[in-house]
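I set out to look up the side-chain contacts of this chain and to note where each partner sits. The entries are kept in the order in which I worked.

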Amino acid sequence: MTDPTEGQNSAKFDTTGATVYIYELGQLVEERYYAFGNGDFSVYGLKTYSFDDLGRRHQEFDQNEQLLATYFYNDSGQLESKKYGKNQEMEWDQFIYDDQGKLSRQLYWGSGDAPLIEYHLRYNTYDKLEAKETWELGADSRKDAVQFFYNEQNQLVEEIEYDPNFDFTQLMKMKYTYFLTD
């Protein structure tokens, strides 16, 4: 978690927090971020999404309606890139698909000529994303940089991210709970 009053990581928010995902007509339209401190949860952030004419995610905004990212699609309707911030040529993700149309790689670009990180996606026997793999500095083989775990209903219940720049030490763990609404 990040303490918005300090603008950097803060130990008082690093162990417990919550995010509420709000859907309308099956589309994620808002994320509300809560931090836990002094025995209570408080809102510290908000993200909203807009959609194009085809119902695809188009842009995301912060609580001050500042542009955070724009989504771009290929001719097949697959997500091709996600560009970040106000200057959207400085930082972006590129998505690459295999011959069957399944997402196989994700590249994160900065302002240089080579990606800053390249993930290879691995799927389980139920065709659910199991891990994003990347190389450790100086290594010939890939390791899991992000792992995904599912319950018996094939719902994502846990996500663990590791830092490939620091010996794949754990960065975060997110647990997901599902609630049905009327």
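The entries below cover aromatic pairs, charges over rings and salt bridges.

**Entry 1: aromatic pairs**

I note at the outset that the model is a predicted one. I looked up the aromatic pairs, and the count comes to three. For Tyr 33 and Tyr 44, I found the ring centres 6.2 Å apart and the planes at 40°. Planes under 30 degrees apart would count as stacked and over 60 as edge-to-face, so this pair is tilted. I then checked where the two residues lie: Tyr 33 is in strand β4 (residues 27–37), and Tyr 44 is in strand β5 (residues 40–51). The pair therefore ties together parts that are eleven residues apart in sequence.

Are these two tyrosines buried or exposed? I found Tyr 33 at 17% relative accessibility, which counts as buried. Tyr 44 stands at 24% and counts as partly exposed. The cut-off for buried is under 20%.

Next I looked up Trp 92 and Trp 109. Their ring centres are 5.7 Å apart and their planes stand at 10°, so I recorded the pair as stacked. Trp 92 belongs to strand β9 (residues 92–97) and Trp 109 to strand β10 (residues 103–109); the pair links distant parts of the chain, 17 residues apart. I also noted that Trp 109 is buried, with a relative accessible area of 15%.

**Entry 2: charges over rings**

Which lysine lies over the face of Tyr 119? I found Lys 132 there, at 5.4 Å from the ring centre. I recorded a further case at Tyr 123, where Lys 102 lies over the ring face at 4.4 Å from the centre.

I found Lys 102 partly exposed, with a relative accessible area of 27%. Asp 127 is partly exposed as well, at 47%.

**Entry 3: other salt bridges**

How many salt bridges does the structure hold? I noted eleven. One of them joins the side chains of Lys 47 and Glu 60, at 3.5 Å from N to O. Lys 47 lies in strand β5 and Glu 60 in strand β6 (residues 57–62), so the pair ties together parts that are 13 residues apart in sequence. I recorded Lys 47 as buried, with a relative accessible area of 18%. Glu 60 counts as buried too, at 4%.

I then looked up Arg 122 and Glu 133, whose side chains meet in a salt bridge at 2.5 Å, N to O. Arg 122 lies in strand β11 and Glu 133 in strand β12, so this pair ties together parts that are eleven residues apart in sequence. Arg 122 is partly exposed at 27% relative accessible area, whereas Glu 133, at 13%, counts as buried.

**Entry 4: a network**

Which residues are linked with Arg 122 and Glu 133 in a network of salt bridges? I found that the network also includes Glu 130, Arg 142 and Asp 144.

Note on methods. Residues numbered from 1 in each chain as written. Predicted model: local features only at pLDDT ≥ 70, side-chain atom pairs only at ≥ 80, totals over all residues. Heavy atoms only, no water. Phe/Tyr/Trp six-rings, centres within 6.5 Å; stacked < 30°, edge-to-face > 60°. Helix = DSSP H or I, 4+ residues; strand = E, 2+ residues; numbered from the N terminus. Buried < 20%, exposed > 50% of the residue type's maximum accessible area, 1.4 Å probe, protein only. Lys NZ or Arg CZ within 6 Å of the ring centre and 35° of its normal. Salt bridge = Lys/Arg side-chain N within 4 Å of Asp/Glu carboxyl O.
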